[in-house]
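The sequence and the model are shown first.

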Amino acid sequence: MNAISERIRSIYTVVTRATLAPLLLRCVIFLSGLVAFVLAYPPTILASRAVVLLLIVALLPAIAPGRLWPTLTALLTVIGWVAQTSYYGEPIALWRLLGLATFLYLTHSLCALAAQLPYDAAVSPDLIARWVVNALAVVLASAVLAVLLIALTERWDEGGYVVAAIAGLGVAALAASLLSWMLRRAGKE
């Protein structure tokens with residue numbers, strides 16, 4: 001009983017001391033997760049009772065962004081996308097794929113920020129705006145690169161997909177090495 005009453009007291013403290021910026025950030029996390037689900041799942045699932053489960057799963061990363069909930073949300077989004085394109089036979093549309101990638105990345109990136117902010121933090125709106133602009137710049141660069149690679153593969157025959165896959169792996173390896181270098185550099189400062 002002591003543990004339960006302590007938990008209720010901690011929830012009450014969080015609710016009474018919460019500030020606007022962390023709460024709005026968590027609302028955006030919920031909405032971006034929800035939009036990712038809408039883009040990933042077929043309308044038949046969205047019109048069923050399963051939408052309640054998706055609403056709850058979209059809410060969990062907003063409540064506890066530093067736990068496993070963002071990963072679970074991303075995993076269920078990918079499962080929905082695979083089900084929609086393979087089992088339900090929905091054709092792959094570029095706009096839907098880019099939108100899905102955008103909202104998945106925004107959910108992930110904003111969860112990383114929210115995990116570092118307590119509910120009662122006094123946060124400058126400029127910090128959140130810069131974070132969102134950086135995240136959108138990453139999404140835009142990825143979308144441009146993806147569209148360019150798709151355009152290149154359409155010009156070539158079957159070997160074009162192999163070249164595009166190798167180029168994509170090269171870009172991923174380059175990004176990983178750049179991040180590693182930045183982490184080492186930040187550790188020295």
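## Fold and overall dimensions

Along the sequence the chain follows the pattern α-α-α-α-α-α-α-α, with eight helices and zero strands. Helices (H or I, at least four residues) and strands (E, at least two) are DSSP runs numbered from the N terminus. The model is predicted, so that local features need pLDDT of at least 70 and side-chain atom pairs count only at pLDDT 80 or more, while totals for chains, interfaces and linings use all residues. Residues are numbered from 1 along each chain as its sequence is written, and side-chain values use heavy atoms, with hydrogens and water left out.

Taken along the principal axes, the C-alpha atoms fill a box of roughly 65 × 55 × 30 Å. The chain has 189 residues, of which 26% are buried; buried means under 20% relative accessible area, exposed over 50%, and partly exposed in between (1.4 Å probe, protein chains only). Among contacts with a separation of 6 or more, 71% join residues 24 or more positions apart, a contact being heavy atoms within 4.5 Å. The accessible surface comes to about 12600 Å², and 72% of this area belongs to carbon and sulfur atoms. Accessible areas come from the Shrake-Rupley method with a 1.4 Å probe; for residues, only the protein chains shown count as cover.

## Nonpolar cores

A nonpolar core is a set of buried Ala, Val, Leu, Ile, Met, Phe, Trp, Tyr and Cys residues joined through side-chain atoms within 4.5 Å. The largest one has twelve residues: Ala21, Leu25, Ile29, Ala62, Leu110, Cys111, Leu113, Ala114, Leu117, Ala121, Val123 and Ile128. Helix H2 (20–40) and helix H6 (94–116) are the elements that give two or more residues to this core, and H6 gives the most, with four. A second, separate core of eleven residues includes Ala36, Ile45, Trp81 and Leu100.

Cysteine 111, found in helix H6, is buried with a relative accessible area of 2%. Beyond its neighbours within four places in sequence, cysteine 111 is in contact with Ile29, Pro61, Pro65 and Pro70. Cysteine 111 and isoleucine 29 are 82 residues apart along the chain, yet their C-alpha atoms are separated by 6.8 Å.

## Helix H6

The end C-alpha atoms of H6 are 33 Å apart, which agrees with the 33 Å that its 23 residues should span at 1.5 Å a residue. The expected span is 1.5 Å times one less than the number of residues in the helix. The buried residues of H6 include Arg96, Gly99, Leu100, Thr102 and Leu106. Also buried in H6 are, among others, Thr107, Ser109, Leu110, Cys111, Leu113 and Ala114.

## Salt bridges

Two salt bridges are counted, each defined as a side-chain nitrogen of Lys or Arg within 4 Å of a carboxyl oxygen of Asp or Glu. In one, glutamate 6 pairs with arginine 9, the closest N and O atoms being 3.4 Å apart. These two residues are three apart in helix H1 (residues 2–17), and are therefore separated by about one helical turn. Glutamate 6 is partly exposed, at 46% relative accessible area, and arginine 9 is likewise partly exposed, at 47%.

Glutamate 90 and arginine 96 form a salt bridge with closest N and O atoms 3.9 Å apart. Here glutamate 90 is partly exposed, at 32%, whereas arginine 96 is buried, at 18%.

## Surface patch and a buried loop residue

Leu178, Leu179, Trp181 and Met182 form a nonpolar patch on the surface, with about 400 Å² of accessible area together. Patches are made of residues with over 30% relative accessible area and no salt bridge; like charges are joined within 9 Å, and nonpolar side chains (Val, Leu, Ile, Met, Phe, Trp, Tyr) within 5 Å. Leucine 179 lies in helix H8 (residues 159–188) and is exposed, with a relative accessible area of 52%.

Alanine 64 lies in the loop between helix H4 (50–63) and helix H5 (69–87). At 15% relative accessibility alanine 64 counts as buried, and, residues up to four places away in sequence not being counted, it touches Trp69 and Pro70.
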